[in-house]
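Let's take a walk through this protein, one neighbourhood at a time. Keep the picture open while you read.

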Amino acid sequence: MAAILTPATTGPHSTRLALPIAKPKLPLQRTHLVRCVHRPEISPFFHGAVGANRADWQSACAILSSKVATASQHHQQTPQHHEAGDDTNHSLVPVVNGHSLAAAALDLVPVQLPQPLTIADLSPAPKHGSQLRVAYQGVPGAYSEAAAAKAYPNCDAIPCDQFEAAFQAVELWVADRAVLPVENSLGGSIHRNYDLLLRHRLHIVGEVQLPVHHCLLALPGVRKEQLTRVISHPQALSQCEHTLTAMGLNVAREAFDDTAGAAEYVALNGLQDTAAIASARAAELYGMQVLADGIQDDSGNVTRFVMLAREPIVPRVDRPFKTSIVFAAHDSEGTSVLFKVLSAFAFRDIGLTKIESRPHRQRPIRLEDDASSGGGGGAAGTAKHFEYTFYVDFQASLAERRAQNALAEVQEFTSFLRVLGSYPMDMTPWSITSSSSSSSSPGSQQ
């Protein structure tokens, strides 16, 4: 970068900068105008530096102007005691563009440099469980809230009315994570969330298993004999079906969006003839009494939740990991590809923990021409087969070579393959006998 003082020249990047030239026996106002011209040469202000852009040139001009301004301030602060006509030891007033600095400011564009980054700008995302905003489906008191508290202690739990809203909350940066159920030991898979995993671009970053302890809740003072219906989530109703019958409650069962929402609905509407199946924490939140405790048909009632984030985590090999994938077969292979996929894992001694099939949403039916093999001559026909997408969980980390080789082989047999996440397995010990006390509140799940 070169900012060179030369006689005034013409050019698109030339700026007029007048500096005082002290000559004895000359009037004060006579000055020699020079220009600061941008030339890609060796800079006289920064030895050894070469400037090749206008920004460097403006910086050099700013340095010159600061020196001129300093000289002007020094001149104004120095008392003048000379007589008229005597210019001995007289400090010349700097002149810029023909005007004295005492009357006009420097006509230079200030250089706006970006602020340097600090360590706060480069700090990582909040640590695991440290004041994260975690979305869950339901209302306060839901089992999903307890799962969120177990997965991320001290988090800021955000209730969502639908599973879809929890997915979108993370995608739109309203929440940092989402904790959603995917399967229950009694009720099976929550198919809605498997479909949403394929539709959205979130990543599974962990899992948590929560023992579920159901209670029969009603308004204070209500007796079992007064009940005409029981409302709750369909999964909860199915998990308590035999126990309700054994209690002599031959009442109507009605599905509700979630367990805690059912308790809230009964409390807000003052329904004396309706009970809800929910957690003991929901009874505390909505002022209801517990008519029966632990009414699930099987004491080993556990729900598995997955934790979702916008970005995947880096897989490791220092602890047990699980990987979830989804794939679809080639058009010509159909479901026969499943055996080849399973063999890719079996040959590498990789255990599978789950296989779930869902109808292909974009291509639910596959047409195939068949010919009957009857003795009297075959007639051509068209066979209609369902097309499926398969969800598979296997016990290996993507950081392991055997898992990478298995997926490379699976990819040869499939038309679509997506890794939903490679994440640590939930190894937290839990006791069925202590599920009553452990699931009563989210804080006890830590």
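## A strand, a helix, a strand

Start with β6, helix α2 (residues 143-151) and β7, which together make a right-handed β-α-β unit. Right-handed here is about the crossover: with the strands pointing away from you, the path from the first strand over the helix to the second runs clockwise. Helices (H or I, at least four residues) and strands (E, at least two) are DSSP runs, numbered from the N terminus. Strand β6 covers residues 133-137 and strand β7 covers residues 156-160, and the two pair in the parallel sense over five bridges. Strands count as paired if DSSP finds at least two bridges between them. Arg-133 stands opposite Asp-156 in β7.

How many of the residues of α2 are buried? Nine of the nine are, so the helix is largely enclosed by the rest of the structure. Buried means under 20% relative accessible area, exposed means over 50%, and partly exposed is in between (1.4 Å probe, protein chains only). Among the buried residues of α2 are Tyr-143, Glu-145 and Lys-150.

## Where all this comes from

This is a predicted model, where local features need pLDDT of at least 70, side-chain atom pairs count only at pLDDT 80 or more, and totals for chains, interfaces and linings use all residues. Residues are numbered from 1 along each chain as its sequence is written, and side-chain values use heavy atoms, with hydrogens and water left out.

## The whole chain

Zooming out, the protein chain has eleven helices and 22 strands. Of its 446 residues, 41% count as buried. Now take the contacts (heavy atoms within 4.5 Å). Among those between residues at least 6 apart in sequence, 75% join residues at least 24 apart.

## Rings that meet

A pair of aromatic rings is described by the distance of the centres and the angle of the planes. Rings of Phe, Tyr and Trp (its six-membered ring) pair if their centres lie within 6.5 Å; planes under 30 degrees apart count as stacked, over 60 as edge-to-face and the rest as tilted. A search of the whole structure turns up five aromatic pairs. In one of them, the rings of Phe-256 and Tyr-265 have centres 5.3 Å apart and planes at 45 degrees, so that pair is tilted. Phe-256 is partly exposed, with a relative accessible area of 25%, and Tyr-265 is also partly exposed, at 34%.

Tyr-388 and Phe-390 form a tilted pair too, at 6.4 Å centre to centre with 45 degrees between the planes. Are these two buried or exposed? Tyr-388 counts as partly exposed at 27%, while Phe-390 is buried at 5%. Ring pairs also bring in Phe-327, linking it with Tyr-388 and Phe-390 into a cluster.

## Two arginines to look at

The charged end of Arg-310 sits over the ring of Trp-173, 3.6 Å from its centre. To count, CZ of Arg or NZ of Lys must be within 6 Å of the ring centre and within 35 degrees of the ring normal.

Arg-229 has its place in strand β12 (residues 229-232) and is buried, with a relative accessible area of 18%. Which residue's side chain does Arg-229 join through a polar contact of 2.8 Å? The partner is Glu-254. A polar contact is a pair of N or O atoms within 3.5 Å; within protein, one must be able to donate a hydrogen and the other to accept it, and residues adjacent in sequence count only if both atoms are side-chain atoms. Leaving aside residues up to four places away in sequence, Arg-229 touches several others, including Val-251, Tyr-265 and Asp-273.

## Positive phi in two loops

Most residues other than glycine have a negative phi. Asn-154 has a positive one, near 65 degrees. You'll find Asn-154 in the loop between α2 and β7, where it counts as exposed at 55%. Asp-349 has a positive phi as well, near 60 degrees. Its place is the loop between α9 (337-346) and β18 (352-359), and Asp-349 is exposed at 65%.

## Helix α9 and its cover

The buried residues of α9 are Val-337, Val-341, Ser-343, Ala-344 and Phe-345. What covers them includes β17 (321-329), β18, β21 (388-394), α10 (401-413) and β22 (414-424).
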